[in-house]
Amino acid sequence: MRLIDYANPTRFLGLTATVLPWLAVVTALTFAVGLYLVVFVAPADYQQGETVKIMYIHVPFAWLSMFCYVTMAGSAFGTLVWRHPLADVSAKCAAPIGAAFTFLALATGSLWGKPMWGTWWVWDARLTSVLVLFIMYLGLIALQETIEDPARAAKASAILTLVGVVNIPIIKFSVDWWNTLHQPSSVFRMGGSTIAASMLVPLLIMATAFTLLFLVLHLMAMRNEILRRRIRAMRMIEAAGAE
Amino acid sequence: MSALSALFVREMKLATRVGGGALMGALFFLIVVTVVPFGVGPDLNLLARIGPAILWIGALLATLLSLDRLFQADRDDGGLDLVLMGEAPLELVVLIKCLAHWTATGLPLVIASPMLAVFMNMEPVAIGATTLTLLVGTPALTFVGAIGAALTVSLRRGGLLLAILVLPLTVPVMIFGVSAATAAVQEPVPFATPFSILAALGLFSMVLGPIAGAAALRHAGD
Amino acid sequence: MSTSVKRLFGRSLTLDRGGRRVLSDLSFEAAAGSALVVTGANGAGKSTLLRLIAGLLRPVAGDLGLDGGDPELTIPQQCHYFGHMDALKPQLSVEENLGFWRAFTGSADATVFEALARVGLARLASLPAAYLSAGQRRRLAFARLLVTKRPIWLLDEPTSALDAASEARLLEVVGDHLDGGGLVVAATHLALPFARMDSLRLGPSVVEAA
Amino acid sequence: MFGTHAGFILAAYGIAILVVVVLFVWIVVDGRSQRRQLAELEARGVRRRSAATSEGDRA
């Protein structure tokens with residue numbers, strides 16, 4: 001765990017204060033390059049036409065929806081095993097960002113699906129799994145928002161996150177089984193064809209850009225959360241000292 | 001600021017702050033609607049046909065399950081005693097609490113319903129009709145549910161009992177809500193008739209709910 | 001308040017709770033400007049009497065009356081009830097909690113900040129009530145009696161959870177209320193040194209009378 | 001320039017930008033409000049327990 005290296009939240013605040021502006025600049029540059037390639041260079045797909053442009057954001061969102069959950073699971077592990085204070089902060093702050101990216105994966109997928117399949121939504125195995133993931137994010141946020149004490153909230157949501165990790169393969173398997181049993185024909189396969197390099201390069205750059213964006217947002221949210229906990233602690237001291 | 005507007009503002013603050021759970025109802029709604037296709041299968045035509053009913057059942061359950069703390073929180077901290085002693089008529093207090101609860105919990109359900117209707121593969125007309133019926137019908141569910149919340153205010157496990165008590169009372173709202181929503185897509189049946197009955201039920205429950213709820217709360221202390 | 005209150009009285013009050021007779025043929029009289037201190041063992045019916053005056057419980061026989069006061073209002077509407085529970089929402093700040101009761105109860109008296117200063121919580125106005133200690137919660141609940149004007153104060157164990165300094169401050173505020181022509185009925189098992197007081201002792205005989 | 005499905009493409013990019021911007025603005029606004037509250041508390045002379053102990057450690 002890299003977070004162990006700077007166990008002290010104060011040091012974390014200092015370090016991120018110097019790193020964040022640079023990271024933001026790199027993110028913006030990567031987006032500029034990626035979007036340039038997507039708009040002016042990348043070719044239209046011979047089957048899907050120009051709608052393939054949606055892929056350059058849809059795939060990064062789908063990737064981040066999983067990456068974000070992995071980040072949360074790692075942080076949850078850090079919370080439960082090492083009881084590291086920054087680990088709960090990381091897990092808590094990743095949840096809303098992950099939910100937003102998962103929502104965008106669903107929304108952009110729907111906007112891509114309408115012209116391609118003629119419907120906004122199908123209960124395809126892959127889509128359904130992402131929807132279940134989205135609900136799990138919202139459930140985690142709801143759990144964190146319901147428990148007022150951050151330490152207790154962190155433990156409870158860490159357990160739920162890890163239970164989710166154990167369950168994800170089972171959910172994926174059962175959803176595959178459920179759908180193929182009923183309706184094998186309408187399953188849309190994205191990884192079916194190999195992607196040409198002229199599309200792959202912009203896609204990878206966009207994926208990198210969104211991953212960097214996630215890092216920037218996550219670090220910013222973590223800084224806020226550290227301050228929020230400090231304020232909470234200070235208010236409790238103030239209440240105790242005001243007799 | 002008058003007593004009742006102060007009450008509305010406080011209820012909204014409580015609902016939207018940490019632990020208030022304003023959006024919990026909408027989340028529950030989403031889950032109910034998502035689970036249905038796992039039960040009935042992913043057949044889009046079937047889902048489109050049962051879509052309005054599923055949305056209505058989801059909204060009904062989400063409303064009832066979110067109502068159990070409507071008066072209980074106030075009773076547990078002693079605030080209800082002060083409200084009972086106050087100059088503001090208890091019926092209006094119940095009405096305001098219901099309106100605040102609907103704004104914080106029911107309105108998000110209505111706003112979420114077009115999105116969930118897409119999952120049900122519903123036609124644009126059906127989506128519009130269902131959303132409209134939910135907009136008119138969910139306040140009725142809240143007002144009727146408030147009677148159950150007031151009756152179960154002093155019980156430890158009131159939540160499930162509340163649903164048992166109130167579900168039969170919501171049958172008329174369900175019937176006319178779903179029939180108005182389906183009438184919009186099925187040609188021969190008129191939309192306006194069931195819809196106006198639904199609106200009438202909404203207005204009726206807006207009167208009945210506060211009166212019955214206030215009566216139940218007055219006797220809860222004895 | 002058109003006229004000030006003169007006298008609160010109960011005649012032959014009888015009250016049952018859960019099939020048990022808690023008060024039997026009880027009469028009392030409390031005059032404005034002095035405190036009626038109700039004492040008695042646990043279960044003697046002290047809290048019940050206060051809840052009865054507050055209109056939260058109904059007697060099976062007997063009646064309550066008030067000389068003076070606002071004829072437009074019922075007795076409970078002229079009472080402040082300071083019971084065991086604090087009626088505070090932990091999610092709201094100290095100021096918001098008190099501000100709500102000030103707006104809800106009507107006929108505003110002191111401002112929120114004046115009342116908070118009076119109970120020594122002015123510094124914590126913006127703090128969520130969840131962070132308060134038991135004694136601070138109690139004082140905040142008491143501040144509710146200061147933000148709106150009601151002539152009759154019903155105090156149930158008012159000094160529980162308070163330290164000596166806070167208790168002295170509370171007694172001073174109650175004394176001011178009495179000086180201003182207010183009426184206090186306090187239930188307690190401790191000796192409360194009010195300047196002018198009458199006492200009403202609820203004995204076990206009351207319970208056995210059932 | 002995006003062919004017959006321009007509306008869908010623009011809608012996809014539009015909603016992506018909207019959600020990301022809302023998320024970003026929310027985080028920035030939240031950060032400002034936290035820093036403001038911290039400054040208020042510090043102005044009132046409230047001190048953190050950990051700050052006190054870390055000074056104590058150094059001493």
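How many of the 243 residues of chain A count as buried, as a percentage? Keep that question in mind as you read these notes, and remember that this is a predicted model.

1. **Chain A on its own.** The share of buried residues in chain A is 42%. Chain A has 6 helices and 0 strands, so if you walk along chain A from the N terminus, the elements read α-α-α-α-α-α. Now look at the contacts in chain A with a separation of 6 or more: 81% of them join residues 24 or more positions apart.

2. **Which chains meet.** There are 4 pairs of chains in contact, and among these chains A and D share the most contacts. Two other pairs do not touch. For chain B and chain D, the nearest C-alpha atoms are 14 Å apart; for chain C and chain D, the nearest C-alpha atoms are 9 Å apart.

3. **Two helices from chains A and D.** On the H3(A) side, the contact includes A:Ile97, A:Phe103, A:Leu104, A:Leu111 and A:Trp112. On the H1(D) side, D:Phe8, D:Ile15, D:Val19 and D:Leu23 are among the residues taking part. By type, the residues of this contact divide into 15 nonpolar, 1 polar and 1 charged.

4. **Where chain A meets chain C.** This contact takes 6 residues from chain A and 8 residues from chain C. The chain A side that touches chain C has 3 nonpolar residues, no polar ones and 3 charged ones.

5. **The sheet in chain C.** Here you will find 3 strands forming an open sheet, in the order E2-E1-E4, with antiparallel pairing. Strand E2 (20–31) and strand E4 (61–68) of chain C are the edge strands, each pairing on one side only. From one strand to the next, the twist averages 10 degrees.

6. **A closer look at one strand pair.** Strand E1 of chain C (residues 5–17) pairs with E4(C) over 7 bridges, in the antiparallel sense.

7. Helix H1 of chain C (residues 46–53) lies across E1, E2 and E4 of chain C. Relative to E1(C), this helix runs at about 120 degrees.

Conventions
Residues numbered from 1 in each chain as written. Chains lettered and ligands numbered in written order. Predicted model: local features only at pLDDT ≥ 70, side-chain atom pairs only at ≥ 80, totals over all residues. Contact = placed C-beta atoms within 7 Å. Nonpolar A, V, L, I, M, F, W, Y, C, P; charged D, E, K, R; others polar. Helix = DSSP H or I, 4+ residues; strand = E, 2+ residues; numbered from the N terminus. Pairing = 2+ DSSP bridges. Axes fitted to C-alpha atoms, helices over the stretch in contact; angles between N-to-C directions. Buried ≥ 20, exposed ≤ 12 C-beta atoms within 10 Å, placed from the backbone.
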